[in-house]
Amino acid sequence: MHAAHAYPKSRFEPVMPVDLSAKEERERLSRSALKGFFKLAAAWKLRDDDARELLGGLSSSAYYEWKKNPDRVLEVDRITRISYLLGIYKSLHIIYGDKLADEWVSLPNRNAIFGGRSPLAYMVAGGLLSMQTVRKLVDARRGGL
């Protein structure tokens, strides 16, 4: 028998991911997630229809209620969507100046991923997986991967 290989000592401490299946965690994160999303929507000058689609196809009445009163507990899917979008927002502001960072999602893009469409159109059409792809793209561009 061979002895098990041991990893070298390191100061790296892995961070445990947030357990979004726990209602307490979603309660803790939901209000700030929604407030952040609505600020992002304003910065990106999103149409309400696009903002509702990015949130997973929210009805108009629910969207305006959430905007007026963000005190609610979001589902895992919606917190994940908002997390991707806020990560995209942050990376864009690291890569570009504020003006271009906020316009980037609405500009036509020749990257093969987008096929000439805007990143916003790509994310609205493709949902969560498209948001994940855009997040990976902008994180890679800023050297965050």
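Valine 73 counts as partly exposed, at 35% relative accessibility, where partly exposed covers the range between buried (under 20% relative accessible area) and exposed (over 50%), computed with a 1.4 Å probe and the protein chains only. The structure described here is a predicted model, in which local features need a pLDDT of at least 70 and side-chain atom pairs count only at pLDDT 80 or more, while totals for chains, interfaces and linings use all residues. Residues are numbered from 1 along each chain as its sequence is written, and side-chain values use heavy atoms, with hydrogens and water left out.

Valine 73 belongs to the loop between helix H3 (60-68) and H4; helices (H or I, at least four residues) and strands (E, at least two) are DSSP runs, numbered from the N terminus. Apart from residues up to four places away in sequence, valine 73 touches Lys23, Arg26, Glu27 and Ser30, a contact being defined by heavy atoms within 4.5 Å. The C-alpha atom of valine 73 is separated by 8.4 Å from that of arginine 28, although the two residues are 45 residues apart along the chain. Valine 76, which is found in helix H4, likewise counts as partly exposed, at 36% relative accessibility. When residues up to four places away in sequence are not counted, valine 76 touches Leu20, Ser21 and Arg26, and its C-alpha atom is separated by 7.0 Å from that of serine 21, 55 residues apart along the chain.

Turning to the protein as a whole, the mean pLDDT is 93, and 97% of the residues score at least 70, pLDDT being the predictor's confidence in each residue on a scale from 0 to 100. Confidence is lowest in helix H5 (residues 98-103), with a mean of 95, and highest in helix H2 (residues 48-54), with 98. The protein contains 6 helices and 0 strands, which gives the pattern α-α-α-α-α-α when read along the sequence. Taken along the principal axes, the box filled by the C-alpha atoms is roughly 65 × 40 × 25 Å. Of the 145 residues, 36% count as buried, and the protein exposes about 9300 Å², of which carbon and sulfur atoms supply 55%; accessible areas come from the Shrake-Rupley method with a 1.4 Å probe, and for residues only the protein chains shown count as cover. Among the contacts with a separation of 6 or more, 58% are accounted for by residues 24 or more positions apart.

Leaving aside neighbours within four places in sequence, tryptophan 104 is in contact with Leu92, Tyr96, Asn109, Phe114, Pro119, Val134, Leu137, Val138 and Arg141. Its C-alpha atom is separated by 35 Å from that of glutamate 13, which lies 91 residues apart from tryptophan 104 along the chain.

Lysine 45, in the loop between H1 and H2, counts as exposed because its relative accessibility is 72%. Lysine 45 has a positive phi of about 55°, although it is not a glycine.

Empty space was also examined. Rolling a probe the size of a water molecule over the atoms shows where such space is left. The largest pocket holds about 170 Å³ of space, a pocket being, on a 1 Å grid over the protein atoms alone, an open set of points where a 1.4 Å probe fits, with protein on both sides within 12 Å along at least five of seven lines, and lining residues having an atom within 4 Å of a point. Its lining consists of Leu29, Ser32, Ala33, Gly36, Ile79, Ile82, Ser83, Leu86 and Gly87. Helix H1 (23-43) and helix H4 (76-95) are the elements that give two or more residues to this lining, and the largest share, 5 residues, comes from H4. By class, the lining has 5 nonpolar, 4 polar and no charged residues, where Ala, Val, Leu, Ile, Met, Phe, Trp, Tyr, Cys and Pro count as nonpolar, Asp, Glu, Lys and Arg as charged, and the others, Gly among them, as polar.

Terms used: Grid points are joined across faces, edges and corners, and a volume is the space filled by probe spheres set on the points.
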